[in-house]
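These are my notebook entries on one structure. I set down what I looked up, entry by entry.

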Amino acid sequence: MPDEQKPVVLLIMGSVRAGRNCPRIAHWAARIGHASTDLAYEVIDLADWSLPMDDEPGLPHAGEYIQSHTHAWSEKVRSAAAVVFVTPQYNWGYPAPLKNAIDHLYSEWRGKPTAIISYGGHGGSKCAKQLRQVGAGLKMRVMTTAPALTLSEKVIHQQVELDPEVDLASYAGKVRKAFKELSAEIRQQGDRGKSRYAAERLLKAVAKVRKAFRERRSLSAE
Ligand SMILES: Cc1cc2nc3c(=O)[nH]c(=O)nc-3n(C[C@H](O)[C@H](O)[C@H](O)COP(=O)(O)O)c2cc1C
């Protein structure tokens, strides 16, 4: 299938800080996804998205946004088939810009197939756990497999450049597994959507026949 026709997965990067490792990890994950599924992958840098915390007066769940950037962010997330949060752990949690980007929206997240890839000195599983809880609150479909990548001491503290192809090679299988789960969930949602559409068409056809039947009966009674 040509890339432009494939369902799009957004890899949303949790880190916006200068000198971050996040882009290397997100692009490495995207390459694995691309090679192992029939999906298209787009890396989202929240640093490119101006989402001020104080300029939307309404509650996100009402969806009545007044700012064009919120509308654009809403459309971006809504149109994606799935999302992957690629995030570091900061002080046992996930970074504030990621929470802010999530909290700008509400219904856009509902039912969204979602994977979590965390990283840190110990894999960032604490932040992944928190993110999973937030995903549950938003009724996202969070995948069971959540790769937790441990970065080396040198990468974290001595600013040695991360080479994901080498340094994270042992996690590639788990990342692949998460993308396969995501792909299966997208397919299932598509099938459920098709079944729902077929059932709706059938119900409409039955209603039409019933109406015609009632009209014929009332005509013959006159
Ligand atoms: C503010 C801050 C807090 C951090 N807290 C943790 C932590 O709780 N656990 C951990 O394993 N690593 C922690 N680290 C180390 C990060 O996992 C590591 O620096 C990682 O590269 C950060 O991702 P980034 O470079 O993409 O921003 C922290 C780093 C920063 C900047």
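I began with residues 9–145, over which the chain is 34% helix and 20% strand, with the end C-alpha atoms 16 Å apart. I note that the model is predicted.

**Whole chain**

I next counted the elements: the protein chain has 7 helices and 6 strands. Read from the N terminus, I recorded their order as β-α-β-α-β-α-β-α-β-β-α-α-α. I then compared the radius of gyration, 22 Å, with the 17 Å that the globule rule gives for 222 residues; the former is well over the latter, so the protein chain is more spread out than a compact globule. For the extents, I found that the C-alpha trace spans about 90 × 40 × 30 Å along its principal axes.

I also looked up burial, and 35% of the 222 residues count as buried. On contacts, I considered pairs at least 6 apart in sequence; 79% of these contacts join residues at least 24 apart.

**Helix α2**

Which residues of helix α2 are buried? In this helix, residues 68–78, I found Thr-70, Trp-73 and Val-77 to be buried. Viewed down the axis of α2, the buried residues fall within an arc of 65°, so they line one face of the helix.

**Ligand shell**

I turned to the residues around the ligand, which number 16. Those that come nearest are Ser-15, Cys-22, Pro-88, Gly-120 and Gly-121. By class, I recorded the shell as 6 nonpolar, 8 polar and 2 charged residues.

**Pro-2**

Is Pro-2 buried or exposed? I counted 6 other C-beta atoms within 10 Å of Pro-2. A residue with 12 or fewer is exposed, and therefore Pro-2 is exposed. I also checked Pro-2 against Ala-40: the two are 38 residues apart in sequence, and their C-alpha atoms are 9.3 Å apart in space.

Notes. Residues numbered from 1 in each chain as written. Predicted model: local features only at pLDDT ≥ 70, side-chain atom pairs only at ≥ 80, totals over all residues. Buried ≥ 20, exposed ≤ 12 C-beta atoms within 10 Å, placed from the backbone. Helix = DSSP H or I, 4+ residues; strand = E, 2+ residues; numbered from the N terminus. Arc of directions from axis to C-beta. Near = placed C-beta within 6 Å. Nonpolar A, V, L, I, M, F, W, Y, C, P; charged D, E, K, R; others polar. Rg over C-alpha atoms; globule rule 2.2 N^0.38 Å. Contact = placed C-beta atoms within 7 Å.
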